[in-house]
Amino acid sequence: MKQRQQMSKTFIFFFFISLITVFFFRTQIGASVQGIIELIYIPFQKITYAATSDKVIKNESQEVTKLKEENRRLQLQLSNIKNIEREAQALRDQFNTSNEMARKLLPVAILGIGDALFVKKQPTTIIIDKGNAEGVHTNDVVVYKNIILGKVAKASEHVSVVETVYNKRSTFSGQAVQSGAVGVVRAQGDGILFDNVILSEKLEVNDVIQTKGDVNEQGRGYTPGLLVGKITAVHKKASALFQSAEITPMIDMTRLTIAFVLVTQ
Amino acid sequence: MKNSSIILLLFFFAIIVESTIISIPLTLVGLLVLFVNKKDTSIFLYAWLTGVLLDIAYVRTIGLTSIFFTTFIFLVSLYDKKYEIRTLPFCIIAICTGAALLGLLYEKNNILMHAGIAAMIASIIFLITSRISPQVHR
């Protein structure tokens, strides 16, 4: 009985300590303490994550990696050509340059992923080693070679959480590079869907989907022309209002150890 | 003192692994097995500390996991009088429930699979500790 009472008292004490902790870490001093602990964590997380992702990479044959890389490069080129064509057309039509805010690429190391690696599923969240102190803010976009990975959902002092394109909360407008069809890119199950495309638009297998541009008033968000993936299947019904397509991403996020954040200057 | 240092080191290792490679609640597993074996109030201190460190590693609201961990340990302690908690079936049921609730709290995917793997890890650790410590009965 005495032991039980002691247990209850200790529980109540630590419960209140935990509540106080919630409020303490919202203060300026709390944020500084958090920053210091994050700096201690980062090297350990980097080493652990890099060690495990290297192991995964070694499992794939070099030839397959080479072909994938070549394929990615060609798709990038195709997308760039199409973008240049569109840009030239737009410039011809209107002799004005865009007033897009200046952005710089900030290299970041991936510290961890939201889901287990050994399940071989793409992560819904990733943790990166840069935060507010380094200029990373909520809604900044994370990319790798012009391929979109996701958007910063939460940034602390030295670490940030990125919601990847596989996250159910991540939706943005996309555009097919060849056909120009516009739709909404969102996660579905373990994959990505290019949805809400009107029936009159033409969707084709192997067409590349890129971001159409969803930028907020601070200039943060999905800039146009970032690659999302390639269409692998089209779902079209005459009776439905919209058609959709399944997208296969151009990158395996579980293999990445570095990425880049598009930081608004 | 020496024991507590080793426990803290193991928890730190569990937090690093949990936040980088696998999202299985290893810390919760550690806390449960430790409580089942020690039945000591000092586990609440570990629960609070590991909760804070885990929240920092995951960039979550700091303190929420501490609240969850301390409540979970307290609930487990309530069963101590009614049942024999130093048993493998109790450990499995408790960790499955705890891992599933934690998964729900943080909207994780594959909650059942995570709970299953956590139960497996808990069983292994429990069996190892039961060999080391003669007090533990299967």
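## Chain A overall

Chain A has 3 helices and 14 strands. The model is a predicted one.

Of the 265 residues in chain A, 45% are buried. Where contacts link residues at least 6 apart in the sequence of chain A, 61% of them join residues at least 24 apart. The accessible surface of chain A is about 14,200 Å², and carbon and sulfur atoms account for 58% of that surface.

## Nonpolar cores

The largest nonpolar core contains 61 residues. Those with the most contacts inside this core are A:Tyr41, B:Leu31, B:Leu32, B:Phe69, B:Ile73 and B:Ile95. Elements giving two or more residues to the core are α1 (2-24) and α2 (28-59) in chain A, and α1 (2-20), α2 (26-38), α3 (42-58), α4 (64-78), α5 (88-105) and α6 (111-132) in chain B. The largest share, 10 residues, is from α3(B).

Leaving aside residues up to four places away in sequence, B:Phe69 is in contact with B:Thr27, B:Leu28, B:Leu31, B:Ala47, B:Thr50, B:Gly51, B:Leu54 and B:Leu102. Another core, apart from the largest one, has 47 residues, including A:Val141, A:Val143, A:Tyr144 and A:Ile231.

## Packing of α1(A) against α3(B)

The axes of α1(A) and α3(B) lie 9 Å apart, at an angle of about 20°. This is under 35 degrees, so α1(A) and α3(B) are roughly parallel to each other. The crossing of α1(A) past α3(B) is right-handed.

On the α1(A) side, the residues in contact are A:Met7, A:Thr10, A:Phe11, A:Phe14, A:Ile17, A:Ser18 and A:Thr21. They meet B:Phe44, B:Leu45, B:Trp48 and B:Val52 of α3(B).

How values were computed:
Residues numbered from 1 in each chain as written. Chains lettered and ligands numbered in written order. Predicted model: local features only at pLDDT ≥ 70, side-chain atom pairs only at ≥ 80, totals over all residues. Heavy atoms only, no water. Helix = DSSP H or I, 4+ residues; strand = E, 2+ residues; numbered from the N terminus. Buried < 20%, exposed > 50% of the residue type's maximum accessible area, 1.4 Å probe, protein only. Contact = heavy atoms within 4.5 Å. Areas by Shrake-Rupley, 256 points an atom, 1.4 Å probe, with all protein chains shown as cover. Core = buried A, V, L, I, M, F, W, Y, C linked by side-chain atoms within 4.5 Å. Axes fitted to C-alpha atoms, helices over the stretch in contact; angles between N-to-C directions. Parallel < 35°, antiparallel > 145°, perpendicular 65-115°, else oblique. Left-handed = near helix turned anticlockwise from the far one by under 90°.
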